[in-house]
Amino acid sequence: KGKKRRCWVCSNCGYTDGQRRGSCRSCRSSGTMQQFTREENGCGSEKVTGCEASEKVRTWLLQRDGEVRPLRLTDVNRGLNPSEWRIPLYGPFGEEVSRVLGGGLMPGDPGVGKSTLLLQMAAIIAEGYDLGRTAPVVYVSGEESVEQIGSRADRLSIGTEELYLYPSTDIEDTLEKIRVLSPRALIVDSIQTVYLKRVAGSAGGLSQVKECTLALAHFAKKTNIPVIMSGHRTKSGEIAGPGDLKYIVDVVLLLKGDKYSTHRLLQSTKNRFGSTDEVGVFEMSQSGLEAVLNPSEILLSEEHYESEVMVGQAVAVVIDGSQTLLLKIQALCLPSSTIPGHVNGIQGRRTEMIIVALLQQAGLKLQGTAIFLNVLSGVKLTETAGDLAIAAAICSSFLELPIPYGVAFIGEIGPSGELHVVPRMKERVHTAAKLGYKMCIVARSAEKVLANSAFDGMVIIGCQNLKEVINTVF
Ligand code: TYD
Ligand code: MG
């Protein structure tokens with residue numbers, strides 16, 4: 001004599017409800033809710049009685065009680081809105097304190113923005129702007145509850161009907177549950193929180209991450225449903241250990257950004273369907289990531305809180321895909337033969353060559369100096385056009401002489417310290433001029449290339465080698 005309970009099950013999607021409703025809260029079909037009676041038989045299993053159930057409904061009914069399934073974003077109870085974004089401090093302070101803090105107090109430790117990006121993508125895909133019709137998209141989260149995602153969606157002004165949220169960490173269960181929805185895309189946030197029952201090890205471990213990725217890739221190929229998943233990189237820069245995930249997936253995007261800055265860079269490091277040269281620049285806001293149309297300005301906008309001249313900083317003008325970026329290179333030279341230097345964002349070999357050239361051609365006594373190099377704003381400097389700025393930053397730090405404000409460096413350095421012209425000089429100088437730079441130091445041979453163009457108030461100085469650069473700048 002077990003307890004009897006009534007329940008209603010949607011014959012379309014299997015959503016189980018404890019109340020009688022006119023339409024299904026999950027898939028919105030009307031007239032599909034069928035009433036059943038559940039009776040526990042005392043030994044853990046259940047007997048289901050009621051109107052005639054199809055095979056499909058039966059299996060749904062026999063699933064564990066209270067089981068969750070994808071829920072429409074618009075049906076999620078928001079609860080209290082957690083203060084996810086900054087807490088402003090206006091009142092008697094006016095905007096001063098908030099502005100100094102970068103827009104208010106930041107609660108918790110902010111991530112780079114993966115979940116935000118994915119939720120925005122999910123909504124955009126579901127809306128299907130360019131396709132002209134909406135379609136379901138399932139957002140699976142192993143990190144947050146539907147309520148949390150719901151309130152984030154509110155903040156991002158996302159109210160897409162076709163967006164389904166599913167808090168689950170079980171991959172098999174997820175793929176099974178979303179089948180009835182046949183979504184336009186499946187989003188998994190994140191790969192490090194999901195697991196497969198048949199695989200040993202805990203979620204986030206190497207074998208789970210790899211097997212789950214394989215399972216999702218297999219699902220994507222079999223069903224033609226694109227799967228987008230997030231993951232955070234380990235210190236060595238890989239998602240969960242070796243780089244084998246990138247051989248399983250078609251596209252790898254990196255979302256990069258500095259904790260203290262509100263801009264984010266999206267870069268592809270693998271793309272079976274396009275080039276990997278492109279970088280997208282975004283600004284974080286209360287309502288999510290927004291595209292930045294003139295990235296150079298943002299990359300240099302942090303300048304306002306620095307003094308006009310800085311020792312050990314030089315600006316390079318690089319071209320990344322179709323964009324011209326002004327990058328700040330920071331160098332720090334410490335007299336020490338015991339600490340090894342460290343290079344961040346620049347290829348090690350390139351740096352070594354530049355240091356040798358500075359030693360031999362320019363006569364800088366860099367022996368016994370630990371050199372630290374960093375590219376600000378998280379961009380990796382891969383172009384040789386940045387060589388001259390690296391050399392200038394090192395010189396400035398080593399000689400403890402600042403580089404005047406408004407000077408940009410464009411040029412490649414050869415092994416014996418000679419400067420070489422780089423491609424697309426006009427574009428580079430033009431962008432620097434547009435951003436208010438007053439002087440470009442270039443290779444002597446680049447002067448000819450630039451001779452016939454006029455740039456707004458820009459002085460071009462051509463140098464033969466590093467020694468000449470030092471004599472000109474410092
Ligand atoms: P979140 O997307 O949760 O990062 P991740 O999934 O990588 O850990 O974002 C981190 C915090 O920053 C979170 O509090 C939301 C906030 N945020 C915004 O308010 N606006 C934005 O544009 C982004 C990207 C994040
Ligand atoms: Mg997240």
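I took two strands as paired if DSSP finds at least two bridges between them. Helices (H or I, at least four residues) and strands (E, at least two) are DSSP runs, numbered from the N terminus. The model is predicted, with pLDDT of at least 70 needed for local features and 80 or more for side-chain atom pairs, while totals for chains, interfaces and linings use all residues. Residues are numbered from 1 along each chain as its sequence is written, and chains are lettered from A and ligands numbered from 1 in the order in which they are written.

I looked up the strand order: the open sheet has five strands, β5-β7-β6-β8-β9, with mixed pairing. β5 (71–72) and β9 (227–229) are at the edges with a single partner strand each, so one side of each has no neighbour in the sheet.

I then checked β6 (residues 137–141). Five bridges pair it in the parallel sense with β7 (residues 163–167), where Val140 stands opposite Tyr166. β6 and β8 also run parallel, joined by five bridges, and Val138 has Leu186 of β8 as its bridge partner.

Next I followed β8 to β9: the two run parallel and are joined by three bridges. Val188 has Met229 in β9 as its bridge partner.

Last, I asked how enclosed β8 is. Four of its five residues are buried (20 or more other C-beta atoms within 10 Å of their own, C-beta atoms being placed from the backbone), so β8 is largely enclosed by the rest of the structure.

Terms used. Buried ≥ 20, exposed ≤ 12 C-beta atoms within 10 Å, placed from the backbone.
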